[in-house]
Amino acid sequence: MSPIPRRSLLKAAAVAGAAAQFSWALGAKDAQAAHRAETADADPVTLDWLEDGGLGAAPGSTVGVPWPKGAYEADQTFALTDADGKAVPVQTWPLAYWPDGSLKWTAHAVSSGSGKLTLAAGDAAAPDKKVTVDRSGGTVDVSTGVITVKIGKDGSTLVKSVRRGSTEIARNGRLVLIRQPEIDDEDQGTVRTERFDGAIGEVTVEQDGPVRAVVRIDGKHRKGSRSWLPFSIRLYFYAGADSFRMVHTITYDGTQEPGKASGDFIRGLGVRFSVPMRDAAYDRHIRIGGEGKGLLREAVKGITGLRRDPGAAVQAAQYAGRKLPDPATWDQRVTTRLQYIPEWGDYTLAQLSADGFTLRKRTKKGYGWIGAGGGKRASGFGYVGGASGGFSFGLRDFWEKHPAQLDIRDAHTDEAEVTLWLWSPEAQPMDLRFYHDGMGQDTYAKQLEGLNITYEDYEPEFGTPYGIARTSELLFWANESTPSADALAQQVEAVRTLPQLVAPPRQLIKAKVFGPGLYSEPDRSTPAKAKIEDHLDFLFTYYKDQVEQRRWYGFWDYGDIMHTYDTVRHVWRYDIGGYAWDNSELSPDLWLWYAYLRSGRADIFRFAEAMTRHTGEVDVYHLGKWAGLGTRHGVQHYADSAKQQRIANTTYRRFYYFLTADERVGDLMHANVDSDETFLVLDPQRKVRTDPYTPDRHALSIGFGTDWSGLVSAWLTEWERKGPKWEKAKARVLSTMEGIAAQPNGFVQGSGLYDLDTGRFAVASTPVVSVSHLSAVFGLNELCAELIDLIDMPKFNDAYFDYCRYFNATKAEQKARYGSDFGTLLLFQGHSRLDAYAAVQTGDAALAKRAWTKFYGSDGYTESSPWKTEAVSGPMALVAGSEASWVSSNDTALYGLAAIENLALLGDKMP
């Protein structure tokens, strides 16, 4: 298969380099004041925190806010006030525009606030302590007004120093990678490892204040002449904060071949800082997070619990982390023997599974470890320092994305070292080899037979992890002294649940974003509506509980769900081909995000957030010949040979990006703009074609359903964001819409021949009926609802309304309209939302009635479904819990979306 250098380069840049081209997304230009639009749509918006507690100890928060078409011009400025009317400093930039040029989404960064905030047109208040960025010297220097961070421009030190005032709190921040070149499958052999250090390739300042600054660092891990494992790091700074946030992305580009013991096995992956230690050993403090807000609270040289008592006040001060009085004032039986009290310099907390962590310590290297406790789930937080200053650090989703680890070393010396291990070196090496030997499936015919028994679409050399990515989030605090227990608890909470400011559902609905009319706030005003709301709640709660019961955790797995249940073994089919990990099949991502949009529920947001982080990184290729494609559901997230646009679908990322302005997700969406070129590399229909087909740049076969919906989503998003290729993207949106509308049978034609250079579909000379039950269930309806609202193209509208009208029609109706019926179809319940949408758009009362008929009485879940769980326990199951054996993720996603959209569109026309 021939590579596409230009496209591959673009994808690689999205993860590992060429960062400068992406700074457009961050609105670096200062907006000029503009008159507030004289429209009722331009009302102030009340923002609130997703969870209780406000900003807490986090450095800041950024929220995306949508606006109705025409409400505000592109240069509008905004002001923020608290509940008392006091101005709150805010930094604003545009995220997206309506076609008329007015603001569609704006981002707002804050570095203070605990209650509800009101956003309105006006002049923003400036922070007392502004974020400033100085890039004139050999480092990029960022000051929050409280701390100053020097960021390296080259070499292996990403963060040269972190200062609070004149005190250096931390230094030499770098990335650490441990490679194990050979893996032992048995209990013999010699384990060898080698260390690689992160090497900076490019540094880009993406924002420079006054409230928020963002610095991006791209590079690879290097040792000697070899560089591999690209990284993309973003550091976030907020005005007046004593902390900063790191978003850390790696893309796997090593080699691991099934059946071979040698390869690029990651043994450890971490972020490391050095921490100057200036205080006396008894004034140096260690804090390590345990369960909940629990903490190990110790000193390097402890003076509690001794045979001789230095005094209650001295002991209490050390436990509290305060500087001790002069030892001359203590009981001299202690003071004169201080040199005989051990100094504990090294600590390690290892979380090797979701169910247990161990904590140990030792005096120094070369001496034995002793146990210091343990528990189930650690918070991922630590602190080392003393009365003159110290460094707090934390890794988000610490136990969820096990195996993770925290190390403190040499705290008894002048310089301690802390390492946050995203992959613990004490765990087994990261084994990403494909899981079976192919079982003789060396032809398409055999592979299709395999598909018919395990539902896995196997093909040799396709089950590769090359190009998949993973993003982690870390927080760091530069403390002027050891924080109090309450302050530490706040820092722990920020690590566990990063505070997020949000706009309310009513603003999202009012702005008509993500498909006007497709969602509405929960309504239990009638028994029928209440019952559907109960069903929606049941399904979400069940999946949330299954994540816990089935332990759907781990570095590469967290955020995904399983596809289908095995009713005999009482487990999800984790080891059966295409029935295992879901990989966005039939759009559970959309179900969760629409469930959040209408409800504003924090638990749904966090579930959807984890899924977005997973599906956008792990289930999609970001480097190599398949960059821009995702992998179909399977036992491993990259195992299946179906590498398709539908899984890389930008539609699934849009929600999180526009709600939070997350730059990493913005990278992923931009990287998809040229993914139409992937159809030159890989024909998604190669195993089932009956006619000869060779990919031709000027005549690529692209489906109007799963293929086009993914492509047009990327183009629409680039156009809305006014990205570097927005004009090309806009042209692609319009030209392909025109091409589909011009086909003899519109969407029912099924596919068309696409010219990569012109961005147009050839118009077929003869009508064809080619309809798949999958075409509309990967976001097509939701995207078309947006496109029809944005673009005046009646012929396209008619083509889509026809597709909606006839999918769930009788075969006789289909044949009368198109000359032949659509064949054997399924997923009618999920397609009832197409009936509902077209009914509202066309005013077709019969179609509205059919929407509810298909919702209640076709396939999928029905009112007679059990709508309850059954208890399972040993010896029937591995762990005690519950099961709903009638639930499948396909049906859940389709029911969830149909219920949400039908209620919003036709809630007043329920039977």
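1. Asp-844 caps the N-terminal end of α19, with a side-chain oxygen 3.0 Å from the backbone nitrogen of Ala-846. The model is a predicted one.

2. Helix α19 covers residues 845-857. At 1.5 Å a residue, its 13 residues should span 18 Å, and the end C-alpha atoms are 18 Å apart, so the two values agree.

3. The buried residues of α19 are Leu-847, Ala-848, Arg-850, Ala-851, Trp-852 and Phe-855. They pack against several helices, namely α7 (527-549), α16 (794-807), α17 (811-818), α18 (828-842) and α20 (889-906). In general, an α-helix has 3.6 residues a turn, so residues three or four places apart point the same way.

4. Helix α7 contains His-535. The relative accessible area of His-535 is 8%, and the cut-off for buried is under 20%, so His-535 counts as buried. Apart from neighbours within four places in sequence, His-535 is in contact with Glu-863, Trp-867 and Tyr-895.

5. Strand β9 (residues 139-143) is largely enclosed by the rest of the structure, because five of its five residues are buried. Both faces are covered: Val-140 and Val-142 lie on one side, and Thr-139, Asp-141 and Ser-143 on the other.

6. On the β8 side, β9 pairs with residues 132-134 in the antiparallel sense over three bridges. Ser-143 of β9 stands opposite Thr-132. A hairpin of four residues joins β8 to β9.

7. Strand β10 (residues 147-152) runs antiparallel to β9, and five bridges join the two. Lys-150 in β10 stands opposite Asp-141. The hairpin of β9 and β10 has three residues between the strands, and Gly-145 there takes a positive phi near 90°.

Note on methods: Residues are numbered from 1 along each chain as its sequence is written. This is a predicted model: local features need pLDDT of at least 70, side-chain atom pairs count only at pLDDT 80 or more; totals for chains, interfaces and linings use all residues. Side-chain values use heavy atoms; hydrogens and water are left out. The expected span of a helix is 1.5 Å times one less than its number of residues. Buried means under 20% relative accessible area, exposed over 50%, partly exposed in between (1.4 Å probe, protein chains only). Contact means heavy atoms within 4.5 Å. A polar contact is a pair of N or O atoms within 3.5 Å; within protein, one must be able to donate a hydrogen and the other to accept it, and residues adjacent in sequence count only if both atoms are side-chain atoms. Two strands pair if DSSP finds at least two bridges between them.
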